[in-house]
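Welcome, and please take a moment to look over the model before reading on. The paragraphs below walk through it one piece at a time.

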Amino acid sequence: MGSVAWIVLSLYFGLMIVIGWWAKSRVHDARDFFTAGGRMPWWLAGISHHMSGYSAAVFVAYAAIAYTTGFALYVWWAIGIVFAMAVGAVLFAPRWPRLRERLGIISPLEYLTTRYNLPAQQVLAWSGAALKIFDVGAKWTASAVLLNVFADVPLHWGVLLTGGVTLIYSTVGGLWADALTDLGQFVIQLAAGVAMLVVTLSKLGGISSVWTMWDRLPAGHTKPFAGSYTVGFFLVYLLIDTLSYNGGTWNLAQRFIAAGNAAQARRAAVLSGALYLVWPLVLFFPMWAAPLLLPDLKAPEQSYALLTTHLLPSGLIGLVLAGMFAHTMAMTSSDANAISAVVVRDIIPGLMRGRSSLSSRTELAAGRIATFSFIALSLVVALTSDHFGGVLGLLILWFGALVGPIAIPMLFGMLPWFRRSGPSAAILSWAAGLIVFALTKYVFDGQVARLGENWVSTVTVAGPVIVAFVVFVVTGLVRPWRNPASDELIDALSVDGGPAPEQAIAHA
């Protein structure tokens, strides 16, 4: 990577820090820090939701999948998210700002004390925060892999560089900094992605290669389902994506909470879904073409980075690398903001039960400390990622398998059809999902492996989320939960307007 590329990348990192410091002037209390004061316009919430939904792992782990299996990546990943956002625009996105308007929440788990009880909220808060440390650690590792390929920067220094810049602007600027840097990063990755597409097309013979390239790719690369990414895997990920992108991944819930009202949150969800429908086609095309341009790679996860260094001039290399970092920094900074909200509004009050609550000024200081600490811990995980199966192991298996048991009681608890699933259902479904993950991953891993390589990921990911969902529903049928405050809250979330539940106001 030449000096021009380093200059471009340095300017990018500097711009992110400047935006963070500018956003600091808009943060006056914890509500501004965590939810942008509920004043985020729908288009910014939608772009920020999209940018916060994937990271540089796309250019590492997903690039490897595109290189080895082809078009199946778009089907199970992008189409799955489009489906999730279509469902979410109707069922979930509008309910998040209603929670803020009626309960004054600034954390996506804050309402669970009213919906279930304090123990259920604490179980989900602690386990979800711990899981996100591993998920974000995978993102830092993916960024470091890219920097290593581009500039031969040692992995640990790559982790510390990207994590350090994000730590600065996230800690000082809160959600406003996250959303505004997301907007800048969206423009950068748009320019970088289009540049990479144009160069790839020129190397393949022009725009006609959009249609003619596929016949030259290895067998199976045009199939919608291939290798481990079977129809079963796709169906499982429809459920996981629906849970994750509608708020089970807490930073994405924050985008809807920050929207002005239910209608704006719905528009944000539609915009994010539309971006997932169109943009991955541009982003993935060079990855799909990589077997033709870089045949017989021994390390497919390096394919996109190698294409960039082989095809682009120095200045554009810096731009593309900045675009790759844009996704990671967008996602991880928003994760840090969401986790710190949970720590400040859910975990700390749970530990202080019966004592006076934190003042607004103390909440803001605690939020910044929690943001700093979360990013620091995730950097430690990134530096030791090989112990957890590398980037792909952390991203698809660990996070994919464990996000469901945490998200199911959180999201389905909003819906009137599951009002009879109470605290017991929430905790039992969470526990059942974790137990099934442990059994399939560590106890019966040999039996799972004998099902065949194509089924290992499907079973490991599907088992926990399906079992958690069944336990949540069945427990509600066998031991129906009846609680006036919980029922009143669920009814209040189904329509716009109306008073906030009295007990919810007391909690807020």
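This is a predicted model: local features need pLDDT of at least 70, side-chain atom pairs count only at pLDDT 80 or more; totals for chains, interfaces and linings use all residues.

Which residues are buried in helix α21 (residues 484-492)? They are Ala485, Ser486, Asp487, Leu489, Ile490 and Ala492, where buried means under 20% relative accessible area, exposed means over 50% and partly exposed lies in between (1.4 Å probe, protein chains only). At the start of α21, a side-chain oxygen of Asn483 comes to within 3.1 Å of the backbone nitrogen of Ala485.

Residues are numbered from 1 along each chain as its sequence is written, and side-chain values use heavy atoms, with hydrogens and water left out.

Now step back to the whole chain. Its secondary structure comes to 22 helices and 0 strands; helices (H or I, at least four residues) and strands (E, at least two) are DSSP runs, numbered from the N terminus. Of the 508 residues in the chain, 61% are buried. Among contacts with a separation of 6 or more, 86% join residues 24 or more positions apart, a contact being heavy atoms within 4.5 Å.

With helix α5 (residues 72-91), α13 packs at an angle of about 175°, the axes being 8 Å apart. Axes here are lines fitted to C-alpha atoms, for helices over the stretch in contact, and angles run from 0 to 180 degrees between N-to-C directions. The two helices, α5 and α13, are therefore roughly antiparallel to each other; angles under 35 degrees count as roughly parallel, over 145 as roughly antiparallel, 65 to 115 as roughly perpendicular and the rest as oblique. Residues making this contact include Leu73, Trp77 and Met85 of α5 and Gly273, Leu277 and Phe284 of α13. By class, the contact of α5 with α13 has 17 nonpolar, 1 polar and 1 charged residues. Ala, Val, Leu, Ile, Met, Phe, Trp, Tyr, Cys and Pro count as nonpolar, Asp, Glu, Lys and Arg as charged, and the others, Gly among them, as polar.

Tyr62, Ala63, Ala66 and Tyr67 of α4 meet Met287, Trp288, Ala290 and Pro291 of α13. In this contact, 8 residues are nonpolar, with no polar and no charged ones.

Beyond α13, the loop between α13 and α14 (303-311) holds Asp296. Asp296 is exposed, with a relative accessible area of 74%, and its phi is near 60°, a positive value in a residue other than glycine.

Finally, visit Met410 in helix α17 (residues 390-412). Met410 is buried, at a relative accessible area of 0%. Not counting residues up to four places away in sequence, Met410 touches Trp96, Pro108, Leu109, Tyr111, Leu112, Gly247 and Trp250.

Methods
A polar contact is a pair of N or O atoms within 3.5 Å; within protein, one must be able to donate a hydrogen and the other to accept it, and residues adjacent in sequence count only if both atoms are side-chain atoms.
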